[in-house]
Amino acid sequence: MLLLAAASLVAFVLLLYMVSPLISPKPLALPGAHVVVTGGSSGIGKCIAIECYKQGAFITLVARNEDKLLQAKKEIEKHSINDKQVVLCISVDVSQDYSQVENVIKQAQEKLGPVDMLVNCAGMSLAGKFEDLEVSTFERLMSVNYLGSVYPSRAVIATMKERRVGRVVFVSSQAGQLGLFGYTAYSSSKFAIRGLAEALQMEPLETRLISETTSVCKPEQVAKQIVKDAIQGNFSSSIGSDGYMLSSLTCGMAPVTSITEGLQQVVTMGLFRTIALFYLGSFDSIVRRCMMQKAKSETIDKTA
Ligand SMILES: NC(=O)c1ccc[n+]([C@@H]2O[C@H](COP(=O)([O-])OP(=O)(O)OC[C@H]3O[C@@H](n4cnc5c(N)ncnc54)[C@H](OP(=O)(O)O)[C@@H]3O)[C@@H](O)[C@H]2O)c1
């Protein structure tokens with residue numbers, strides 16, 4: 001009996017492995033592709049640029065310091081695999097002015113063609129206890145880490161959608177998956193990136209449906225729950241069954257405030273994730289579909 005169960009499990013895993021390419025996105029061909037890397041003059045961004053260049057991509061490096069950019073360009077060019085490859089450098093602050101970022105992306109596209117892959121790697125980190133950090137630090141980190149990812153993405157997304165080709169990569173951090181001591185400013189800016197990436201992945205249809213609905217939950221209901229949870233000292237609040245599922249699915253390493261809550265998360269997280277993986281045979285989350293469904297029905301209610 002045990003042997004049969006083990007064999008079935010192995011067969012099931014093998015089947016999943018075999019059907020996986022059918023539901024995965026088509027791989028992006030890097031040879032000849034135009035890859036824009038913000039923060040590409042040093043660290044992780046520069047390494048990503050080198051990796052793409054080694055695979056035949058054309059690179060645009062974006063950062064502020066021109067000397068660092070030229071130095072990085074020289075370093076990347078050592079890895080060329082053909083003599084047509086180009087490394088373009090653009091000096092701009094990605095966090096300041098959207099129209100400036102849009103303009104430089106346009107220039108890059110005129111020279112190297114439409115962007116096939118954008119890697120948002122420009123970022124910075126500052127640590128300190130919440131009360132010791134200047135308010136300007138929160139503003140700066142949100143501006144560089146979050147808006148510095150929004151602006152370049154916003155500048156390339158329409159063309160990518162038109163061409164039905166493209167990748168937008170966001171570089172978050174472990175501090176964007178769980179709150180870390182001393183990183184109140186950095187963690188929140190990286191959590192914001194995750195939210196952006198998840199929401200962007202769902203566009204365009206879902207967002208239209210959701211924005212058509214002025215309010216998914218009644219404010220009184222939300223307020224009641226928030227106050228109740230705040231009184232009890234709960235870390236998070238959720239409304240309705242979809243809210244509960246979403247909280248369970250995304251609880252990650254979030255603090256728990258009671259044993260019951262911890263046990264519920266342990267049991268339900270795996271269960272909901274399993275259901276979500278196989279819901280309608282795709283990797284779409286059941287929760288996202290529930291939210292869409294709800295938004296849709298409320299829109300219909302309003303129209304009726
Ligand atoms: N290193 C890690 O262990 C680690 C771990 C997790 C996540 N990350 C994330 O990975 C990314 C890269 O980290 P890293 O350690 O490789 O950083 P890094 O070596 O300090 O490089 C940062 C890059 O971003 C550019 N940059 C910074 N602010 C900019 C702005 N306002 N406009 C345009 N370019 C800007 C810098 O160039 P200029 O200063 O010349 O503009 C540089 O090219 C960051 O988002 C970081 O939060 C890093």
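1. In this predicted model, the shell around the ligand is made up of twelve polar, eight nonpolar and three charged residues. There are 23 residues around the ligand, and those that come nearest are Gly39, Gly43, Arg64, Asn65 and Gly123. Two elements, helix H2 (43-54) and helix H5 (135-163), each give two or more residues to this shell. The largest contribution is that of H2, with three residues.

2. The largest nonpolar core holds 47 residues. The members that touch the most other members are Val35, Val37, Ala49, Tyr53, Ile59, Leu61 and Val62. H5 gives the most to this core, with seven residues.

3. Tyr53 is listed among the core members with the most contacts to other members. Leaving aside residues up to four places away in sequence, tyrosine 53 touches Ile59, Ile76, His79, Ser80, Gln85 and Val87.

4. Lysine 78 lies in the loop that runs between helix H3 (66-77) and strand S3 (87-91). Is lysine 78 buried or exposed? Lysine 78 counts as exposed because it has 8 C-beta neighbours inside 10 Å, and the cut-off for exposed is 12 or fewer.

5. Lysine 78 can also be placed relative to isoleucine 50. The two are 28 residues apart in sequence, and their C-alpha to C-alpha separation in space is 9.1 Å.

Notes. Residues numbered from 1 in each chain as written. Predicted model: local features only at pLDDT ≥ 70, side-chain atom pairs only at ≥ 80, totals over all residues. Near = placed C-beta within 6 Å. Helix = DSSP H or I, 4+ residues; strand = E, 2+ residues; numbered from the N terminus. Nonpolar A, V, L, I, M, F, W, Y, C, P; charged D, E, K, R; others polar. Core = buried A, V, L, I, M, F, W, Y, C linked by C-beta atoms within 7 Å. Buried ≥ 20, exposed ≤ 12 C-beta atoms within 10 Å, placed from the backbone. Contact = placed C-beta atoms within 7 Å.
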